[in-house]
Amino acid sequence: SFEMGSEKQDLEHGDWVINHTTYMALSARRFARGNWRDFLKSIPIRKGDALAFMLGSWDIREVCGHALLKGVFRYIQTLQEIALIYPDNPVIAIAPNPPSRTDNLDPTRNLAKGSDAERLDIWQLFNQRMEEAHSRKLVKYYWNTTLYYRDLDSFMRPELLWPKDTHIKLG
């Protein structure tokens, strides 16, 4: 669930309701390096808990962007390994948030690598590859819940972000 103004909203996907809880420490770099095992061992995971993973737009630009196909392949492999280790827990990949436009970011923090068009292309290609993996049953669950966050051009709606930042101020 998340709060927007005074109204509380749930993100729904099919029969599932996403109740936002998070451990913000599992980055794409951890996936790529394999240290996700130690991280998952450090948190309480009970039988039946859904394990949802959502890379940030920064992660897909920095890790996957340089070698997108290799990065997506490694991410899919990792999700498959997690599903084998936790057979009683659904493993869900959630689409990363759309990229922010450069003019909505703090220029002193180097948050925008590449042009707006390049970042949007990487984001769209990542989602396309993940949708393909889902349709080929390589990833059982792939949820693209970004419709709420996107503007008409598929960039992040700036009013949802902290000022001059890439992080959502909701949830």
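**Labels and their grounds**

Tutor: In this predicted model, Arg101 and Asp153 meet through their side chains in a salt bridge, at 2.8 Å from N to O.

Student: What makes the contact of Arg101 and Asp153 a salt bridge?

Tutor: The cut-off is 4 Å between a side-chain nitrogen of Lys or Arg and a carboxyl oxygen of Asp or Glu. The N to O value for Arg101 and Asp153 is 2.8 Å, so the pair qualifies.

Student: Why is this pair said to tie together parts of the chain?

Tutor: Arg101 is in the loop between β6 and α5, while Asp153 is in the segment after β7, so the parts tied together are 52 residues apart in sequence.

Student: How do you know that Asp151 also forms a salt bridge with Arg101?

Tutor: The closest N and O atoms of Asp151 and Arg101 are 3.4 Å apart, and the limit is 4 Å, so the label applies. Asp151 is in the segment after β7, 50 residues from Arg101.

Student: Why is Arg101 called partly exposed?

Tutor: Its relative accessibility is 22%.

Student: Is Thr146 buried or exposed, and why?

Tutor: Thr146 is buried, because its relative accessibility is 0% and buried means under 20%. Leaving aside neighbours within four places in sequence, Thr146 has contacts with Ala95, Pro96, Asn97, Pro98 and Trp123.

Student: Which residues do salt bridges with shared partners join into one network?

Tutor: Arg37, Arg74 and Glu81. Within it, Glu81 and Arg74 have their closest N and O atoms 3.3 Å apart.

How values were computed:
Residues are numbered from 1 along each chain as its sequence is written. This is a predicted model: local features need pLDDT of at least 70, side-chain atom pairs count only at pLDDT 80 or more; totals for chains, interfaces and linings use all residues. Side-chain values use heavy atoms; hydrogens and water are left out. Buried means under 20% relative accessible area, exposed over 50%, partly exposed in between (1.4 Å probe, protein chains only). Contact means heavy atoms within 4.5 Å. Helices (H or I, at least four residues) and strands (E, at least two) are DSSP runs, numbered from the N terminus.
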